[in-house]
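Please look through the sequence and the model first, and then follow the sections below.

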Amino acid sequence: MTTFTPTSADETLSVIQWAAAENTPLEILGHGSKRGIGRPPQTQHALDLSGLTGVTLYEPEELVLSARAGTPLSEIEKLLAEHGQELAFEPMDFGPLLGGGAGRGTIGGALAANLSGPRRIKAGAARDHILGIHAVSGRGEAFKSGGRVVKNVTGYDMSKLMAGSWGTLAVATDVTFKVLPAAETETTLVLSGLLDDAAVAAMAVAMGSSAEVSGAAHLPEMVAARIGDGELAGGAATLLRIEGFGPSVEYRVKHLRDAFGREAHFEEISGDGSKALWRVVRDCLPFADGSEKPVWRVSMAPGEAHKAVMALRMEAAVEVFYDWAGGLAWLRMEGDPEAELLRGLIKKFGGGHATLVRASTTDRAVSPVFEPQAPALAELSRRLKEQFDPQDILNPGRMG
């Protein structure tokens, strides 16, 4: 395999123009932290963007940051933290789950995978924060979309279309994101001992309150027991996060306690302890065990996901925990990915999306890794692919 490692947008353009002229497919990657997601690539050449690095613009007072696509997220997050700011969509780090190191994901990869974390229930995902891109299509044509300010536009918004495209439409060389002030402090309330259905009901109460909860997750007993140094030793743990200024957090914590009444008993974890706990949830660390046991990321209506999981448990060995107030279920299977069974149950319980984020190369080659699209959406995707990468040279076959 030949690996091209451009260090500029012009060099990236030249590589893709060559590939288009030769009708030669390319695997597109940054540091490879998400390389194990999707169908195994069928390419002889790779375009490695890890040399395309550096923050090119940062205006803290304007809440705007631009960087080259291969810039590590860890570097960007460190820079933002020095100015009391953050990427509010809390991008997940897939590295540990997929057997790699932490902190290797890139800002371009965050857009390509449309990353988000526990704060998605309040702040959205990467596509909700992208302002603009410079990119190269599979035709070998450079283009830009969006800009440096937040404004309403009509027509084709390629910045958002790139989100979740996994490098199959175009290759971003530079990206511009909206950034936001980071919370001064945070507190996580831990409610112990609830079964899945009761936990989902509790999280619904919290989300319906005026406490402005920014994270709501449930860790069943077997999952909670593996976390940290025993701070979740009380069995199953239902986590509710409140962020903001100190006095505001204190007031809203009290308000949330009152919403549950005197019978509910909460433990409190604040500051760095709370941050560490939510990184565990964000990065799916309970299942980062160094194995290739299949792991699914399932998004459904918050009140339905646990029902689908209960039905799944009747037919397959599975371990689970929940994020997004019950709307996101992380599932670890013991053997077969059980794709057909899982997707059948998702459809039965109201619909949703399931992505096989970890599995052996063999399983990824034969399983539908990404959720099959409805006919109308599949036709739209086909037409977009035809316009931006008609020869299918960018990550061919990755999305099935």
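Between which helix and which strand does the loop with Thr24 lie?

## Basis of the model

The model is predicted, so local features need pLDDT of at least 70 and side-chain atom pairs count only at pLDDT 80 or more, while totals for chains, interfaces and linings use all residues. Residues are numbered from 1 along each chain as its sequence is written, and side-chain values use heavy atoms, with hydrogens and water left out.

Thr24 lies in the loop between helix 1 (9-22) and strand 2 (26-29), where helices (H or I, at least four residues) and strands (E, at least two) are DSSP runs numbered from the N terminus. With a relative accessibility of 15%, Thr24 counts as buried; the term buried stands for under 20% relative accessible area, exposed for over 50% and partly exposed for values in between, with a 1.4 Å probe and protein chains only.

When neighbours within four places in sequence are left aside, Thr24 is in contact with Trp18, Ala19, His45 and Ile393, contact being defined as heavy atoms within 4.5 Å.

## Ala123 in helix 4

Ala123 belongs to helix 4, which covers residues 120-123. Residues up to four places away in sequence not being counted, Ala123 touches Ala88, Asp128 and His129. Ala88 is 35 residues apart from Ala123 along the chain, and the C-alpha atoms of these two residues are separated by 6.2 Å.

## Strand 15 and its partners

Strand 15 (residues 295-300) pairs with strand 17 (residues 328-333) in the antiparallel sense over five bridges, pairing being assigned if DSSP finds at least two bridges between two strands. In this pairing, Val295 stands opposite Arg332 in strand 17.

Strand 15 is also joined by six bridges to strand 18 (residues 352-358), and these two strands run antiparallel. Here Trp296 is the residue that stands opposite Leu356 in strand 18.

## Two positive phi values

Most residues other than glycine have a negative phi. Glu90, which is not glycine, has a positive phi near 55°, and its place is in the loop between strand 6 (85-86) and helix 3 (107-112). At 11% relative accessibility, Glu90 counts as buried.

Asp392, likewise a residue other than glycine, has a positive phi near 55° and is found in the segment after helix 13 (375-388). Is Asp392 buried or partly exposed? With a relative accessible area of 33%, Asp392 is partly exposed.
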